Protein chains: 2
Amino acid sequence: MNNNAITPRDVDFAKWYTDVVRAAKLADYTSVKGCIAIEPNGYAIWENIQKIMDQKFKEMGHVNVQMPLLIPESLFNQEKELIEGFAPELLWATAAGEKKLEERHAIRSTSETLFCDYYKKHITSYKDLPKLYNQWCNVFRYEKETRPFLRSREFLWQEGHTIHATAEEAQWETKRMMDVYVWFNKEILAIPSITGKKTEKEKFAGAEYTLTNEDLMYNGVCLQDGTSHYFGQKFSKAYDVKFTNKDNQDEYAYYTTWGKTTRAIAAIIMVHADDKGLVLPPRIAPKQVAIIPIGNGNEEVINLANELNNKLNQSGITSYIDNSDKSPGFKFAEAEVNGIPIRIEIGPRDLANSEITFARRDTSEKYQVNINDDLVTYTKDLLDTIQDDMLIKATKRRDELTFTAHNLDDFERILNTQPGFIHADWCGDEACENRVKEIKGCKSRLISDEPLIDGKCAICGKEAKHHVIWGLQY
Amino acid sequence: MNNNAITPRDVDFAKWYTDVVRAAKLADYTSVKGCIAIEPNGYAIWENIQKIMDQKFKEMGHVNVQMPLLIPESLFNQEKELIEGFAPELLWATAAGEKKLEERHAIRSTSETLFCDYYKKHITSYKDLPKLYNQWCNVFRYEKETRPFLRSREFLWQEGHTIHATAEEAQWETKRMMDVYVWFNKEILAIPSITGKKTEKEKFAGAEYTLTNEDLMYNGVCLQDGTSHYFGQKFSKAYDVKFTNKDNQDEYAYYTTWGKTTRAIAAIIMVHADDKGLVLPPRIAPKQVAIIPIGNGNEEVINLANELNNKLNQSGITSYIDNSDKSPGFKFAEAEVNGIPIRIEIGPRDLANSEITFARRDTSEKYQVNINDDLVTYTKDLLDTIQDDMLIKATKRRDELTFTAHNLDDFERILNTQPGFIHADWCGDEACENRVKEIKGCKSRLISDEPLIDGKCAICGKEAKHHVIWGLQY
């Protein structure tokens, strides 16, 4: 498995990351600069993310739509803050066949303009509201430095765009969708995110405020992994999205957007993977169990493997038998590098004792289990245990890398030894944010609900307004 | 429902079509020329198409991937026939931010180039084959005249790209995927497609041959709705996709692609819809049953509606209660225009006789059913009956509009009175195809497996090689 050699995580985290992406066959580079091919193993994870989130969205009353990929420049220009925020990253289509287009069109980098343009035409009364629309699609941002899943010029995402008759309802939507992201990361991805409002400096271009979901990677760098924006009436004024309210008066509608991307796959890797490759939380793993028969076609082994595989699949566990002609050792390593949560080894020697072996990917622990036990229940319970333990482990790591800074020296010391989530009070002045940024680019991640620490700004010493969590970012 | 007025189908078929699209809220025009917004009702149909086809693909061993949206011009140019075929329709991205790109990039119109470029890197031995990849994505073709779903500059599709060690296996794949499309149209969409090979003139640019799935619309115009291409080694030579075969020799791989698009939604409309709006075959309908309570909040009515709705949903039937404050007549019309297969009316007067009313969308028939009957089974059976009857009706219409031409006069007469599928013998000469095309643009649809009719070409009178089916096309 020379091709799959993985640089140790503690030696070179960045190299380790891309090595895991390649070794687990999640994605590969392409001839298109800055764009990846998402391979079957990677896309299957995205399909599971889509399935689970989409079901949740629908239970909450959302419906899916599809808006165009292209945005005419004139339409984009109607909302200045948005175009200014995205201008350097926009890719422009300018010609069709050999003819120049009359107007150039941006390739979708986000779809606020198109949704607002649609809502403008389709909303007349408060009775038409709310509209809870979402779309799953590709978006393009011309990034200079790219890394698979983490920052790619093209990526996949869902973008929710909802429009409401009252500010209160829209803000409730903004909040509940952030709650979905936090729930998803915790319960499905075993990632203990933190959440709160972005500062004015860090919020989304044009939003009144942005709620963010922040994960802490194994190396102590933060990852923004899901945002939910409240726009108030700003976009509806720019795009003339009006409705007649209950008092029979014209009113601009209240707008929210929220999105989560294929970046979640980067988070799974950088929180859970190890030097042997990917480690997938059972609830997101496309294949939860690898059954590996040992002993060159031994009939008893094959029969038990087939029987167990069928039983597991029938009970809703995704398992498969590796029947390829590779050696058992190779198969073990392959299941390992691909992050399959449980490996079941069935061999003639163990079978003589009526036993088979369960190996956990997350801890490498092995258990001998009697074949007359209820193996389906045993597997289900072990999957749940792995899921729980992965969250506990990630939470422990996060907590170990969570620090408090009372002054700039603390910031310097923490960021120069071991970065992480840094709690510090802040006066609310952007100048202080800029001062912190001078230390390795450290930024405010979010404004926490927690009480103030010292009551004074850790940067300038003036009276503090907010308890803020800071950190380095991807 | 003035906004939803539908032009009668027999008065103006084209206008009727777009009226149905709008009245059933499937899609709307946007500020992006030639591009539509697929609205919730339309996208839900596409989601069902995806779900059913994707499951079938996976059962057959296919896996999903995602290739980039952009194709560098130099890569596209490696296969001349493909670029020549698509050149006039290609949209080009030429600038990022305010900077010109070093090389212009085509927006994906089809992904042969990217898949071949990927396979080139990832295939070394016959042991790596076959690779059965598919992707669900958006594509862009700069069409001059567009109509929702039927011909849109951007559309959604799946594109399968498979690569094999032998020509035999690749041709088997080409065939079995066409069989899937035919199966899907017949069993799920209730559309009796016909299938066969395209002529050399009509095949896909660069393919050795193309299998096609052709539907006949209500007005007798043909719709190509799914194609499967066998490329032999042509693309693998152009893109250097080689592998070491069992004899330890280098060999170019054998390649197939196959695709089906959101155009299927146009086919559903133009085969099944009527002057009252959409008519959805039950197996593709996102909502199969509309329950409409009558009698202003009568408790018995509401209780039965809720109970029945729960029972239906629990048994896998997608039903909903229309609890809005509109009048029953308005609700009936809305369920009708949206093509919901079954409408259940529950009113106090009928309930006094222990009865409720089932109304079929396809035939407008109504049945009084005793509430003590097994209503779930009754509903399931009725959905099956509707599905079967819709296929029978569409097949009858197709057969009525299927003609035979023995000579050019026959072609003229048929195409000037009532077009349809026209069976006629053909010598194999492209000049004869061109001659037929002079009559209203009539083209060969496919080469049929059926025996020759007269044994001589209906156009030139020379010896016939093929029994061909001809027709006007969308």
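What follows looks at a sheet and its helices in chain B, then at the domains of chain A. Keep in mind that this is a predicted model. In chain B, 5 strands come together as an open sheet, while chain A splits into domain 1, domain 2 and domain 3.

**The sheet in chain B**

- Reading across the sheet, the strands of chain B go β16-β15-β17-β18-β19, and their pairing is mixed.
- Strands of a sheet pair through backbone hydrogen bonds, and they can do it in a parallel or an antiparallel way.
- At the edges you'll find β16 (319–321) and β19 (366–370) of chain B, each with pairing on one side only.
- From one strand to the next, the twist averages 25°.
- Zoom in on β15 (residues 289–293) of chain B: this strand pairs with β16(B) in the parallel sense, over 3 bridges.
- Across from B:V289 sits B:S319, which belongs to β16(B).

**Helices across the sheet**

- Helix α9 (residues 299–314) of chain B lies across β15, β16 and β17 (342–346) of chain B, at about 170° to β15(B).
- Helix α10 (residues 328–337) of chain B lies across β15 and β17 of chain B, at about 175° to β15(B).

**Domains in chain A**

- The bounds are 2–272 for domain 1, 289–397 for domain 2 and 402–471 for domain 3 of chain A.
- Between the C-alpha centres of domain 1 and domain 3 of chain A there are 27 Å.
- Where these two meet, 14 residues of domain 1 of chain A are in contact with 15 residues of domain 3 of chain A.
- On the domain 1 side of that contact, β9 (194–197) and β10 (209–216) of chain A each supply at least two residues, and β9(A) gives the largest share, with 4 residues.
- That side of domain 1 of chain A, touching domain 3 of chain A, has 4 nonpolar, 5 polar and 5 charged residues.

How values were computed:
Residues are numbered from 1 along each chain as its sequence is written. Chains are lettered from A and ligands numbered from 1 in the order in which they are written. This is a predicted model: local features need pLDDT of at least 70, side-chain atom pairs count only at pLDDT 80 or more; totals for chains, interfaces and linings use all residues. Two strands pair if DSSP finds at least two bridges between them. Axes are lines fitted to C-alpha atoms, for helices over the stretch in contact, and angles run from 0 to 180 degrees between N-to-C directions. Two residues are in contact if their C-beta atoms, placed from the backbone, lie within 7 Å. Domain bounds come from an automatic or database domain assignment. Ala, Val, Leu, Ile, Met, Phe, Trp, Tyr, Cys and Pro count as nonpolar, Asp, Glu, Lys and Arg as charged, and the others, Gly among them, as polar.
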